[in-house]
Amino acid sequence: MYRLISATPSPYARKVRIALLEKGIPFDLQTEVPWHADTATPAYNPLEKLPVLVMPDGTGIYESRFILEWLEVKHPTPRLLPDDPDGVLAARQIEVIADGVCDAVVLLFFERRREAPSEAWMARQRRKVEGGVRALAALAGEGFLVGDRFGLADIAAGTALGYLAVRFPEFDWAAEHPALAALHARLEARPSFAATRPVPQSITETVV
């Protein structure tokens with residue numbers, strides 16, 4: 001059985017958890033705070049980042065995009081990518097946007113923890129978040145983001161939006177983008193999303 005080393009608020013780990021659940025792949029969940037000294041992450045990922053999918057032989061597969069690609073190759077049913085090349089590229093582009101939103105939120109979160117945070121730096125990250133959400137909203141309709149079935153694009157966008165509620169709650173994106181809010185509500189109703197909703201973790205060790 002696989003083991004997934006995860007953090008409860010992480011949208012990157014949540015993407016993998018959702019994919020595993022949607023594919024019906026059994027796994028053990030190991031929850032950690034990756035910033036603490038006792039994390040097991042360095043034993044499996046030289047970059048010391050989560051998530052890490054640990055194989056039965058102890059090998060670590062890491063970086064969420066690569067893990068998802070690995071799962072598509074090793075466990076192709078059900079597919080989480082479209083069947084046509086243009087659809088695959090569209091899904092991957094949405095993943096880039098969604099991950100970029102999450103990256104900016106992470107940078108904003110840690111900048112706020114500094115003794116003298118940079119207002120200019122935080123404003124730049126907020127612009128990235130708002131721009132990324134606008135880009136996702138422009139693609140939102142009554143169905144899925146790419147094609148006629150649930151897939152990677154929906155996982156990436158849904159987890160990014162869910163992460164905003166945890167780390168950037170003052171941004172009321174749903175009021176600005178009702179179609180995207182409706183899509184997010186549909187996604188959160190899926191069992192895989194309902195079972196993986198993010199919650200904050202307490203970081204007790206110095207990070208910045």
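**Figure 1. Residues lining the largest cavity of the predicted model.** In this predicted model, the largest cavity is lined by Lys23, Leu68, Glu69, Glu72, Leu80, Leu81, Arg92 and Leu152. The space inside the largest cavity amounts to about 40 Å³. When the whole structure is searched, one cavity of 30 Å³ or more is found. Helix α2 supplies the largest share of the lining of this cavity, namely three residues. Sorted by class, the lining of the largest cavity comprises four nonpolar and four charged residues, with no polar residue.

**Figure 2. The largest pocket and the residues closest to its centre.** The largest pocket holds about 610 Å³ of space. Its lining consists of 27 residues, of which Ser10, Tyr12, Trp35, Leu50 and Val106 are the closest to the pocket centre. In terms of class, 16 residues of the lining of the largest pocket are nonpolar, four are polar and seven are charged.

Figure 3. About 610 Å³ of space lies in the largest pocket. Two or more residues of its lining are given by each of the elements α1 (11-23), α2 (64-74), α3 (85-112) and α5 (152-167). Helix α3 provides the largest share of this lining, with six residues. Both domain 1 (2-74) and domain 2 (85-190) take part, each giving at least three residues to the lining of the largest pocket.

**Figure 4. The four-stranded open sheet.** The strands of this open sheet are arranged in the order β2-β1-β3-β4, and their pairing is mixed. Strands β2 (27-31) and β4 (60-62) form the edges, each pairing on one side only. On average, and with direction ignored, neighbouring strands of the sheet are turned by 25° against each other.

**Figure 5. Pairing of strands β1 and β3.** Three bridges join strand β1 (residues 2-6) to strand β3 (residues 52-54), and the two strands pair in the antiparallel sense. Within this view, Ile5 has Val52 of β3 as its bridge partner.

**Figure 6. The annotated segment at residues 1-79.** The UniProt record, an unreviewed entry, assigns the feature "domain: GST N-terminal" to residues 1-79.

Methods:
Residues are numbered from 1 along each chain as its sequence is written. This is a predicted model: local features need pLDDT of at least 70, side-chain atom pairs count only at pLDDT 80 or more; totals for chains, interfaces and linings use all residues. Side-chain values use heavy atoms; hydrogens and water are left out. UniProt positions are given in the numbering used here, feature names are shortened, and annotations may be inferred rather than shown by experiment. On a 1 Å grid over the protein atoms alone, a cavity is a set of points where a 1.4 Å probe fits but cannot get out, and a pocket is an open set with protein on both sides within 12 Å along at least five of seven lines; lining residues have an atom within 4 Å of a point. Grid points are joined across faces, edges and corners, and a volume is the space filled by probe spheres set on the points. Ala, Val, Leu, Ile, Met, Phe, Trp, Tyr, Cys and Pro count as nonpolar, Asp, Glu, Lys and Arg as charged, and the others, Gly among them, as polar. Domain bounds come from an automatic or database domain assignment. Two strands pair if DSSP finds at least two bridges between them. Axes are lines fitted to C-alpha atoms, for helices over the stretch in contact, and angles run from 0 to 180 degrees between N-to-C directions.
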